[in-house]
Amino acid sequence: MSKLRVYDFAKKYNIPSKEFVVILNQHNIPVKNHMSALTEQQISEFEQKFDKEKYFRELEKKKSETPHEQSTQNKPQNAAAQKKQGSETSGAKDPVKSKGNTASGAKKRPVSSNQATQQKPRDHSKKEKTARSVYKRIKDEKKKSVLENQIYEIPEILTVGELADILEINVTEIIKTLMMAGSMVSINQEIDFDTASIVASEFGFEVVAIKIEDVVSKILEEYDEEESENETIRPAVVTVMGHVDHGKTSLLDRIRKTNVMSSEAGGITQHIGAYTVNVKNQSVTFIDTPGHEAFTAMRSRGAQITDIAVLVVAADDGVMPQTVEAINHAKAAGVPILVAINKIDKPGADPERVKQELTKYNLVVEEWGGETIAVPVSAKTGEGIDNLLEMIVMMSEMEELRADASREARGSVIEAQVKRGKGPVATLLIQQGTLHIGDSIISGTTYGKVRTMIDDKGKRLKKAGPSTPVEVSGLSDILVAGDDFIVLENEKEARQLAEKRKELQKGERVRRTNISLDDLFSQIQDGNIQDINIIIKADVQGSIEAIIQSLEKLDIDTVRINVIHGAVGAINETDVLFAATSNAIIIGFNVRPDKNAIKLADTEKVDIRLYRVIYDAIDDIKKAMEGMLAPEYREKVLGNAEIREVFKIPSIGTIAGCYVTEGKINRNDDIRIIRDGIVVMEGKIASLKRFKDDVKEVNAGYEFGIGIEKYNDLKNGDIIEAYTMEAIER
Ligand SMILES: Nc1nc2c(ncn2[C@@H]2O[C@H](COP(=O)(O)OP(=O)(O)OP(=O)(O)O)[C@@H](O)[C@H]2O)c(=O)[nH]1
């Protein structure tokens, strides 16, 4: 029998599961949350003790004693009545409201932004759609917040006029109040939250600061939720991926050249990071930076820009490690793959072999009954390129890519730099709507007002629609590739938001919360995850397959394990970015992360687990899923040294001359030898010497000689890593 969870049991009594958790605990049945499993004994115990009728009787009684908040809330009231209620309520609670206590008082009763978003009727007039204003957004919601909480939501920075508008008080009254407090202000002057809250309290109102980031998320949420009424077909955005030297850049160049020569004679190609070509009166946009690394780096910043991935495979070389990586990265992003079998002009070209190899990765070509389109091409001679472009157009038609050009623009940053005479410029890919000259945008902590716009042919544009890449100027600073951008009502708002974000960034960097083995169980319990994504890096292909097979056998109900990528070699930055983007855990089997990967894993909060025995890896995951991961020891790396020279000494063995690159090496440390990112052995130090003397430790920057217990196969360039096992708290 499968386990009975609290939420299933709660259904029997028709009681909401969260309430049921409380009831169970009241009946001495300890459960953590609605996902907790109950034993048969607990169930029968509860059934004997619980008096259902009594419970519902008491519930009814309680309900009749409390006022019907719901109906009061929904009753329309005029502004004066609201204000009166506002002042009376806050006054009644706090008759001697002193200046400055408002903010802290307000903190105790924050306005639920979630609630507000959910309940707001979705009625956007056309005018609202084209003017996205933080200030207006707050104003729209203020009536509701007054009704619910007698608290006004105000921006963290606003003008005197805006405050007057929100509180519905004559602006001269506000100016007068501020003057009496010794502050001479005009209607358009900006004041901060503290000042605004003091003014508000003078009039008997309580205010809370609405967080800038909340407003931005609300705006973005609203944007996504809004139905686009005028959707039309938009061009596909294509990224080219594949193994090194298979011809990605050559293919992109060939496509661009062919196109410019045929239809844009006279145009001067501008390298802006992406370009558009015309195929049978339809446009296709190509991202100029090939490779899955760039693709995943963009994705890790939130940019989902690619509609189709063109996988370039050289016909004379076949499927190679990075071909497989590219396939996995595209698949994890849910992007359809079109295969370009390149270099068919070469004598050794064998397109059929490529098709055969691809089947191993579930890419079965159409002529063999699959769904993958594969086009033979030569970036060198141009053969097959037209066919490839036509297939891209066909695929984009199948994908039904649509966008509403009548909305205000939203999209992603493709590239950014400073140009002479232009200041900071950025290539923006418009994904929705139309960007106009003069639009105010915000992206990350930078804002701007679009001053000029050019396309990839150097043509000046006044506006640009969906899927168009444009280089814009008029920005306050350099944008970051992969960040999104949105259009706000005016430059002032964009600036305020950008400045606020910058301030927040100065504090603590907003960290991504990624999955880790330690919190896996609680996340499963809370129902937050149903899929566990895993990336495996190992020393040999056989280990990857063995791990995948063992993982498949793990059977924990309601959760599925997906190995989204497995490859031979050290753990690198791209792996970490991929994990961060796909919320995956990285398992390293007999391999190590490189330095950049360690750093990135730390900032991106990616859990990397290193193992030497397959059983240990599987066991850890199993235990994590069952919530039984015992408090454990985790290794701490103490130092790294590089082997610079190897001496074979008869009767003693191999001694290596080394240099400590980081930390220190102690005589008693555990050590491992790493060759090209792969662990070749783990063991103990047999001897540690500086010149002729035995030493206890060697610090960074010093040379030393080392002998390893029962191991002689040392090589120049090997890394000796010293580590110890440390108890960690979970
Ligand atoms: N014969 C022939 N050579 C090609 C073809 N396409 C590319 N090449 C050659 O293959 C080599 C690699 O091409 P690139 O376009 O630089 O390959 P890439 O995939 O962009 O390489 P990376 O940027 O290093 O990953 C170059 O010497 C090209 O001239 C082709 O269709 N036929």
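## Close-up views of a predicted model

**View 1. Lys52 at helix α4.** Lys52 lies in helix α4, which covers residues 52–65. The model shown here and in every view below is predicted. Lys52 counts as partly exposed, because its relative accessibility is 36%. Tyr13 is 39 residues away from Lys52 in sequence. In space, the two C-alpha atoms are 7.7 Å apart.

**View 2. The shell around the ligand.** The ligand is surrounded by 15 residues. The closest are Lys248, Thr249, Ser250, Asp345 and Ala379. Helix α15, residues 248–263, gives the most to this shell, with three residues. By class, the shell holds seven polar, six charged and two nonpolar residues.

View 3. Asp245 uses its backbone, with an N or O atom 3.1 Å from a ligand oxygen. Lys380 also places a backbone N or O atom by a ligand oxygen, at 3.3 Å. Taken alone, the ligand exposes 650 Å². The protein buries 67% of that area.

**View 4. Asp245, a residue with positive phi.** Most residues other than glycine have a negative phi. Asp245 is not a glycine, yet its phi is positive, near 70°. The residue lies in the loop between β8 (236–242) and α15. Is Asp245 buried or exposed? Asp245 is exposed, because its relative accessible area of 64% is over the 50% cut-off. The backbone of Asp245 also takes part in the ligand view, with an N or O atom 3.1 Å from a ligand oxygen.

**View 5. Ser467, a second residue with positive phi.** Ser467 has a positive phi of about 70° and is not a glycine. The loop that holds Ser467 runs between β20 (463–464) and β21 (469–475). Ser467 counts as buried, because its relative accessibility is 3%.

**View 6. The Arg234–Asp307 salt bridge.** Side chains of opposite charge can pair when their charged atoms come close. The count for this model comes to 29 salt bridges. One of them joins the side chains of Arg234 and Asp307, at 2.8 Å from N to O. Arg234 sits in the loop between β7 (231–233) and β8, and Asp307 in the loop between α16 (292–300) and β11 (308–314), so the pair ties together parts 73 residues apart in sequence. Both Arg234 and Asp307 are buried.

**View 7. The Lys537–Asp575 salt bridge.** The side chains of Lys537 and Asp575 meet at 2.7 Å, N to O. Asp575 counts as buried at 1%.

View 8. Lys689 and Asp694 form a salt bridge through their side chains, at 3.5 Å from N to O. Lys689 is partly exposed, with a relative accessible area of 31%. Asp694 is exposed, with 59%.

**View 9. A nonpolar surface patch.** Which residues form the nonpolar patch on the surface? They are Phe647, Ile649 and Ile652. Together they have about 280 Å² of accessible area. Phe647 is found in strand β27, residues 632–649. With 39% relative accessibility, Phe647 counts as partly exposed.

View 10. Ile719 has its place in strand β34, residues 719–728. Ile719 is partly exposed, because its relative accessible area is 27%, between the cut-offs of 20% and 50%. Ile673 is 46 residues from Ile719 along the chain. The C-alpha atoms of Ile719 and Ile673 are separated by 5.7 Å.

Key. Residues numbered from 1 in each chain as written. Predicted model: local features only at pLDDT ≥ 70, side-chain atom pairs only at ≥ 80, totals over all residues. Heavy atoms only, no water. Patch = residues over 30% accessible without salt bridge, like charges linked within 9 Å, V, L, I, M, F, W, Y side chains within 5 Å. Areas by Shrake-Rupley, 256 points an atom, 1.4 Å probe, with all protein chains shown as cover. Salt bridge = Lys/Arg side-chain N within 4 Å of Asp/Glu carboxyl O. Helix = DSSP H or I, 4+ residues; strand = E, 2+ residues; numbered from the N terminus. Buried < 20%, exposed > 50% of the residue type's maximum accessible area, 1.4 Å probe, protein only. Near = heavy atom within 4 Å. Polar contact = N/O pair within 3.5 Å; in protein donor to acceptor, adjacent residues only side chain to side chain. Nonpolar A, V, L, I, M, F, W, Y, C, P; charged D, E, K, R; others polar.
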